[in-house]
Structures are given as structure tokens and as C-alpha cells.
Amino acid sequence: MPFVTRFAPSPTGYLHRGHAYSALAAHTAAREAGGRFLLRIEDIDATRSRPEYETAILEDLAWLGLSWEGPVRRQSEHL
């Protein structure tokens, strides 16, 4: 069975140090195991989720040097 990790931030604010650590740990674990790293945006809180936060999250993850497999998944697509 392939090794898969994911990072699933909510776009209700900017990334903080804890988010960055979690994303880096998941990304590193996947790469070291020859697995897959996925990104899923937890956008189901319609009152607090903002497009500008999602944009900032994607920019911050790219700045950290992280890449993910496939398109960004969104939890709202699976309600």
C-alpha cells in the first residue's frame, strides 16, 4: 500500500509556525517514504473561510518549498 500524507489547513486565517511544522513534517515523511503528499483545503466554515487566506496559504507553502500531488482538494466538494 502506498504511503500518503496530507496537510489540510482551514482558510480562516494565515499559516502560523505550527501549521508550517505540520506541513513540513508531512511533506518530508512522504518524500522519504517515496509516497505522496496531498493538500486539502478545509473550506467548510463558510462564515470564516476567505479566498485571500487560501491564496496566502498556497503562497506560504510554495515559499517553504513544498509541492503536492495533483490539484488542491477542497473539503466542500465532498459534502
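Modeller: Glutamate 54 is buried, at a relative accessible area of 13%, where buried stands for under 20% relative accessible area, exposed for over 50% and partly exposed for what lies in between, with a 1.4 Å probe and protein chains only. This is a predicted model, in which local features need pLDDT of at least 70 and side-chain atom pairs count only at pLDDT 80 or more, while totals for chains, interfaces and linings use all residues. Residues are numbered from 1 along each chain as its sequence is written, and side-chain values use heavy atoms, with hydrogens and water left out.

Glutamate 54 lies in helix α2, residues 51-63; helices are DSSP runs of H or I with at least four residues, strands are runs of E with at least two, and both are numbered from the N terminus. Setting aside residues up to four places away in sequence, glutamate 54 touches Pro11, Ile41 and Arg74, contact meaning heavy atoms within 4.5 Å. With neighbours within four places in sequence likewise left out, isoleucine 57 is in contact with Pro9, Ser10, Pro11, Gly13 and Leu15.

Isoleucine 57 also belongs to the largest nonpolar core, which has 12 residues, among them Leu15, Ile41 and Leu61; such a core is a set of buried Ala, Val, Leu, Ile, Met, Phe, Trp, Tyr and Cys residues joined through side-chain atoms within 4.5 Å. Helix α2, like α1 and β2 (36-41), supplies at least two residues of this core.
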